[in-house]
Amino acid sequence: MRVISGKARGLKLNTPKNEDVRPTTDRVKESLFNIINSYVMDNNVLDLFAGTGSLGIECLSRGAHKCVFVDKSKESMAIVKSNIKKARVENESTTLNIDFKSAVTSLGKKGEKFTIIFMDPPYYKNMFIDALSSVDENNLLEEDGIIVVEHDTKDSFPENVGRLYKSRDKKYGNTTLTFYKMEEA
């Protein structure tokens, strides 16, 4: 697993030794960033269920203003922190080693807003709708922002979750990326 583009291009990132975390493959990541690249520069990113931090670090490498990395696993957060240090993006990074609901509520209370929100929860936990609802209820997505949900292709998602609407799906074998945006007021 490596950083594809930007100031940390080619950097190999640390990955977990167990199977609990499934890092986004380079092929999927490259396709994803072809879709969302216009959202990255000078914007704020939330990497919920960060795992290795690969997606947030890719954004920082490409010029994002800052990224908040959230993961409740101590092991995953240790990998995220080591990758942040390795990529030399400590000044643009905040790490929260808590569950996603606590993180989303806390960020909402602080008035934080994000142009890109990545959601890649453990497939078998079925947290997707809950995470999308929490993000909507806490008003974390910028009006012109995008949410990227990475999930198993067998999973299906509703057209709407609160004020969020599904804008597109992109399939890559067993992995699907589903994109949500905010409905216009």
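Modeller: The side chains of Lys 7 and Glu 92 meet in a salt bridge, at 3.3 Å from N to O. The term means a side-chain nitrogen of Lys or Arg within 4 Å of a carboxyl oxygen of Asp or Glu. This is a predicted model: local features need pLDDT of at least 70, side-chain atom pairs count only at pLDDT 80 or more, and totals for chains, interfaces and linings use all residues. Residues are numbered from 1 along each chain as its sequence is written, and side-chain values use heavy atoms, with hydrogens and water left out.

Colleague: Which parts does the pair of Lys 7 and Glu 92 tie together?

Modeller: Lys 7 lies in the segment before H1, and Glu 92 in the loop between H3 and strand S3 (93-96), so the pair ties together parts that are 85 residues apart in sequence. Helices (H or I, at least four residues) and strands (E, at least two) are DSSP runs, numbered from the N terminus.

Colleague: Is Lys 7 buried or exposed?

Modeller: Lys 7 counts as exposed, at 56% relative accessibility. Glu 92 is partly exposed, at 21%. The cut-offs: buried is under 20% relative accessible area, exposed is over 50%, partly exposed is in between (1.4 Å probe, protein chains only).

Colleague: How many salt bridges in the whole structure?

Modeller: The search finds 8. One of them joins Arg 163 and Asp 136, at 2.8 Å from N to O. Arg 163 is in the loop between S6 and S7, and Asp 136 is in helix H5 (residues 128-137), 27 residues apart. Arg 163 is partly exposed, at 36%, whereas Asp 136 is buried, at 11%.

Colleague: What does Lys 166 form a salt bridge with?

Modeller: With Glu 159, the closest N and O atoms being 3.6 Å apart. Lys 166 counts as buried, at 16% relative accessibility. There is also a network of salt bridges linking Lys 29, Glu 58 and Arg 62.

Colleague: Switching to strands. What does Lys 166 stand opposite?

Modeller: Tyr 180 in S8. S7 and strand S8 (residues 175-182) pair in the antiparallel sense over 8 bridges. Two strands pair if DSSP finds at least two bridges between them. Their hairpin has 2 residues between the strands, and Gly 173 takes a positive phi near 65°.

Colleague: And how many bridges between S6 and S7?

Modeller: S6 (residues 160-161) and S7 (residues 164-172) pair in the antiparallel sense over 2 bridges. Asn 160 has Tyr 165 as its bridge partner in S7. In that hairpin, Gly 162 takes a positive phi near 60°.

Colleague: Now the inside. Which residues touch the most other members of the largest nonpolar core?

Modeller: Leu 32, Phe 33, Ile 36, Cys 59, Phe 69, Ile 116 and Phe 118, out of 30 residues. H1 gives the most to this core, with 6 residues. A nonpolar core is a set of buried Ala, Val, Leu, Ile, Met, Phe, Trp, Tyr and Cys residues joined through side-chain atoms within 4.5 Å. Apart from it lies another core, of 26 residues, among them Val 70 and Met 127.

Colleague: How many disulfides?

Modeller: 0, where a disulfide is a pair of cysteine sulfur atoms within 2.5 Å. For Cys 59, the nearest cysteine sulfur is that of Cys 67, 6.6 Å away. Cys 59 is buried, at 0% relative accessible area. Cys 67 is buried, at 0%.
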